[in-house]
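Subject: Structure handover

Hello,

Here is the structure I promised to pass on. Please open it first, then read my notes below.

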Amino acid sequence: MTESESPRRELARMIAGAKRTVIFTGAGMSTESGIPDFRSPGGVWSRMKPITFDEFVNSEEKRREAWTRAFSGVAGWVGASPNAGHMAIAQWVAQKRVSSVITQNVDNLHQDSGVPVERVIELHGNASYATCLDCGLRHELEVLKQSFLGAGEIPSCRDCGGIVKSATISFGQAMPEAMMQRARTETLACDLFVVLGSSLVVYPAAGFPIMAARNGARLAIVNREPTDQDEFTDLVINDEIGPVLSAVAATLEADVTRPPSPRH
Ligand code: ZN
C-alpha cells in the first residue's frame, strides 16, 4: 500500500456516503490540460496587466488590445481538452453522485467533458464565447475573430450595436448575481463539498467551502499546495488532481459491484 492510497480511499468513501456532493474547481483543475494558472508566477497576469472592466467599456484602444490578446491565444485557453480529472467528475455527475460543479475556471472544460451546461455554475464567466453588454446576445468567437483579424473591426453587437465582450468576468466587473445565488443554494444543500485545484484566495468564490462547512457539510480539498482553509477540512490531499480522481473513480466503480461491507 502506498502512502497516498489511503486518503484516496477515504475520499471515495466520503463521496459514496454522501447524499449530495458539490464539486468546486479552480485553476489547478485545468493545469493538467495545459492551461497555465494565470495568477501564478509566470502566469499571464504576471506578464501583462489585466484590462479592467471600466477600461474595456470606456476605451476603444483597450477593447482593441483585449481582442488582440484574446485572438492571439496568449491566455492559453485555445485548443485545450478535458483531463482525467474532468472526465471523473463528468462520470459522477452522470451517475448522480455529484449535483453540480461550481467553477472559478473560464475554459469550458467541464462542459467539454460532458457535464450538462445546467450543472456547471461559472463564477468568473466563460472565455469560449462573447456576449453583448447591452442586450446579452451571445456571439461566437470564430465569427468575431474573422472580422477583427480580417477587417480590423472591434466586435459590436449585430442586433443592437452594443459593446461585445468575452463572457468572462473581468477585474472590476460585478460578480454574476444569478450564478452566485445558484452557488449559494447548491452549497447550502450539499452534505459533501469537494474543492479541487483552488488555492482558495480569490473571494467571494473562496467563501463557499467555509459556508458549506459551517452548514454542516463535510469538506475535502485536493490541491497541490496547502490552503488557508485546510484547518476547517475533513480531508486534505496535496497531490495532482487527475491521478487522485482516477483512483477515486476506480474505487467507487469497484465498490458498487461489491456486496455491502459487513462492517456497516
Ligand atoms: Zn446587443
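Start with the zinc ion. Its four donor atoms subtend angles of 99 to 121 degrees, so the arrangement is tetrahedral. The protein donors are the SG atoms of Cys132, Cys135, Cys157 and Cys160. They lie 2.3 to 2.4 Å from the ion. Along the chain, the donors follow the spacing C-x2-C-x21-C-x2-C. Cys132 sits in strand S4 (residues 125-132), and Cys160 in the loop between helix H8 (141-151) and strand S6 (164-168), so this pair ties together parts that are 28 residues apart in sequence. Cys132 is buried, at 4% relative accessibility. Cys160 is partly exposed, at 41%.

Please keep in mind that this is a predicted model.

Now the chain as a whole. It has 264 residues, of which 46% count as buried. Its secondary structure comes to 11 helices and nine strands. Take the contacts between residues at least 6 apart in sequence: 68% of them join residues at least 24 apart. The chain exposes about 13,100 Å². Carbon and sulfur atoms supply 52% of that area.

Next, the interior. In soluble globular proteins, nonpolar side chains tend to be buried together. Here the largest nonpolar core has 29 residues. Which of them touch the most other members? They are Leu11, Ile89, Trp92, Leu196, Leu245 and Val248. Several elements give two or more residues to this core: helix H1 (5-17), H6, strand S2 (98-103), strand S7 (192-196), strand S8 (218-222), strand S9 (235-237) and helix H11 (241-256). H11 supplies the largest share, six residues. There is also a second, separate core of 18 residues. Phe24, Cys190, Phe193 and Ala206 are among its members.

Trp92 deserves a look on screen. Leaving out residues up to four places away in sequence, Trp92 touches Ile15, Arg97, Val98, Leu245, Val248, Ala249 and Leu252.

Helix H6 spans residues 84-94. Its buried residues include Gly85, His86, Ala88, Ile89, Ala90, Trp92 and Val93. At the start of H6, a side-chain oxygen of Asn83 comes within 2.8 Å of the backbone nitrogen of Gly85.

Most residues other than glycine have a negative phi, and most peptide bonds are trans. What is the phi of Lys96? It is positive, about 65 degrees, although Lys96 is not a glycine. Asn108 is not a glycine either, and its phi is also positive, about 65 degrees. Asn108 lies in the loop between S2 and helix H7 (109-112). Are these two residues buried or exposed? Lys96 counts as exposed, at 72% relative accessibility. Asn108 counts as buried, at 17%.

There is a cis peptide bond as well. It joins Tyr203 and Pro204, with omega at about 10 degrees. Pro204 is in the loop between S7 and helix H10 (207-214).

One is Arg119, in the loop between H7 and strand S3 (120-122). Arg119 is partly exposed, with a relative accessible area of 37%. Beyond its neighbours within four places in sequence, Arg119 is in contact with Val93, Ser99, Ser100 and Val101. The side chain of Arg119 reaches the backbone oxygen of Ser99 at 3.0 Å. Arg119 and Val93 are 26 residues apart along the chain, and their C-alpha atoms are separated by 8.2 Å.

The other is Thr21, in strand S1 (residues 21-25). Thr21 is buried, at 1% relative accessibility. Not counting residues up to four places away in sequence, Thr21 touches Ile15, Arg97, Val98, Ser99, Ser100, Leu192 and Val194.

Best wishes

Conventions: Residues are numbered from 1 along each chain as its sequence is written. This is a predicted model: local features need pLDDT of at least 70, side-chain atom pairs count only at pLDDT 80 or more; totals for chains, interfaces and linings use all residues. Side-chain values use heavy atoms; hydrogens and water are left out. Donors are N, O and S atoms within 2.8 Å of the metal (3.2 Å for Na, K and Ca); water is not among the atoms, so sites may look incomplete. Four donors count as tetrahedral if all angles lie between 85 and 135 degrees; four count as square planar and six as octahedral if opposite donors are over 155 degrees apart and all others between 65 and 115; anything else is irregular. Helices (H or I, at least four residues) and strands (E, at least two) are DSSP runs, numbered from the N terminus. Buried means under 20% relative accessible area, exposed over 50%, partly exposed in between (1.4 Å probe, protein chains only). A polar contact is a pair of N or O atoms within 3.5 Å; within protein, one must be able to donate a hydrogen and the other to accept it, and residues adjacent in sequence count only if both atoms are side-chain atoms. A nonpolar core is a set of buried Ala, Val, Leu, Ile, Met, Phe, Trp, Tyr and Cys residues joined through side-chain atoms within 4.5 Å. Contact means heavy atoms within 4.5 Å. Accessible areas come from the Shrake-Rupley method with a 1.4 Å probe; for residues, only the protein chains shown count as cover.
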